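Look at the structure first, then read the points below it.

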Amino acid sequence: MIAENVVFGIIAAAMALGAIGVVRTKNVVHAALYLVVVLAGAAAIYILVAAEFVAWVQVLIYIGAIVILFLFGIMLTRAPMRSEGNLDNNQWIASAVVSLFVFGVITALLVDAYSGKEIKLKDHLVVIGNSNTVGSSIFRDYLVPFEVASVFLLVAMVGAVVLGKRSLEKMD
């Protein structure tokens, strides 16, 4: 149990640093690569809670498809790789206060709900991460949101191609 907590702490720290990297970097490609770290950490946490199928779906769909879609979108639109100038403004103070407040509320709720209790969900999590259960949920309960997400991804890719073609025509 202690080893699982240590591994979770390492993964959570890597995910937190990756998330900070996503919002702090000025290079769009680097932000997408930091996002890979965050998504891979989520997959590692799924493995830690015995949801191997969900972890592989996370790797294949989010890391393998979504991040590649981001990178293709960046390349097709010929977006500037680095943002020029200073992007900082005075709103970082308010966002830091709100972030600390939300962190405090979530921490207080978790401590109130789970302080001093032994959490034994291993058997329940194996059923949740079962590929049969996940497949039935996706194609029975969540079919419409699944298809809506795929249409949004298709629209985003077509939009990137149109914007990329339009910028190529302006260059000629």
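Helix α1 (residues 2-24) packs against helix α2 (residues 28-48) at an angle of about 160 degrees, and their axes lie 8 Å apart. That makes α1 roughly antiparallel to α2. This is a predicted model, in which local features need pLDDT of at least 70, side-chain atom pairs count only at pLDDT 80 or more, and totals for chains, interfaces and linings use all residues. Residues are numbered from 1 along each chain as its sequence is written, and side-chain values use heavy atoms, with hydrogens and water left out.

**The α1/α2 pair**

- The crossing of α1 and α2 is left-handed (the near helix is turned anticlockwise from the far one by less than a right angle; clockwise would be right-handed).
- On the α1 side, the contact residues are Glu4, Val7, Phe8, Ile11, Ala14, Met15, Gly18, Ala19, Gly21 and Val22. On the α2 side, they are Ala31, Tyr34, Leu35, Val37, Val38, Gly41, Ala42, Ala44, Ile45 and Leu48.
- By class, this contact of α1 with α2 has 16 nonpolar, three polar and one charged residues. Ala, Val, Leu, Ile, Met, Phe, Trp, Tyr, Cys and Pro count as nonpolar, Asp, Glu, Lys and Arg as charged, and the others, Gly among them, as polar.
- Axes are lines fitted to C-alpha atoms, for helices over the stretch in contact, and angles run from 0 to 180 degrees between N-to-C directions. Angles under 35 degrees count as roughly parallel, over 145 as roughly antiparallel, 65 to 115 as roughly perpendicular and the rest as oblique.
- Contact means heavy atoms within 4.5 Å.

**Residues of α2**

- Val38 sits in helix α2. Val38 counts as buried, at 17% relative accessibility (buried is under 20% relative accessible area, exposed over 50%, partly exposed in between, with a 1.4 Å probe and protein chains only).
- Beyond its neighbours within four places in sequence, Val38 contacts Met15, Gly18 and Ala19. Val38 and Ala14 are 24 residues apart in sequence, and their C-alpha atoms are 7.4 Å apart.
- Leu33 also belongs to helix α2. Leu33 is partly exposed, at a relative accessible area of 44%. From Leu33 to Ile63 is 30 residues in sequence and 9.6 Å in space, C-alpha to C-alpha.
- Tyr46 is in helix α2. Its relative accessible area is 31%, so Tyr46 is partly exposed.
- Setting aside neighbours within four places in sequence, Tyr46 touches Ala51, Val54, Ala55 and Gln58. The C-alpha atoms of Tyr46 and Trp56 are separated by 9.0 Å, with the two residues ten apart along the chain.

**Gln58 in α3**

- Is Gln58 buried or exposed? Gln58 counts as buried, at 7% relative accessibility.
- Gln58 lies in helix α3 (residues 52-77). Not counting residues up to four places away in sequence, Gln58 touches Leu39, Ala42, Ala43, Tyr46 and Ile63.

**The chain as a whole**

- The chain has seven helices and zero strands, in the order α-α-α-α-α-α-α. Helices (H or I, at least four residues) and strands (E, at least two) are DSSP runs, numbered from the N terminus.
- Of its 172 residues, 15% count as buried.
- Among contacts between residues at least 6 apart in sequence, 68% join residues at least 24 apart.

**Confidence**

- The chain averages a pLDDT of 80, and 81% of the residues score at least 70 (pLDDT is the predictor's confidence in each residue, from 0 to 100).
- Among the elements, α1 has the highest mean pLDDT (91) and helix α5 (residues 122-128) the lowest (53).
- Where pLDDT is low, the predicted coordinates should not be read in detail.
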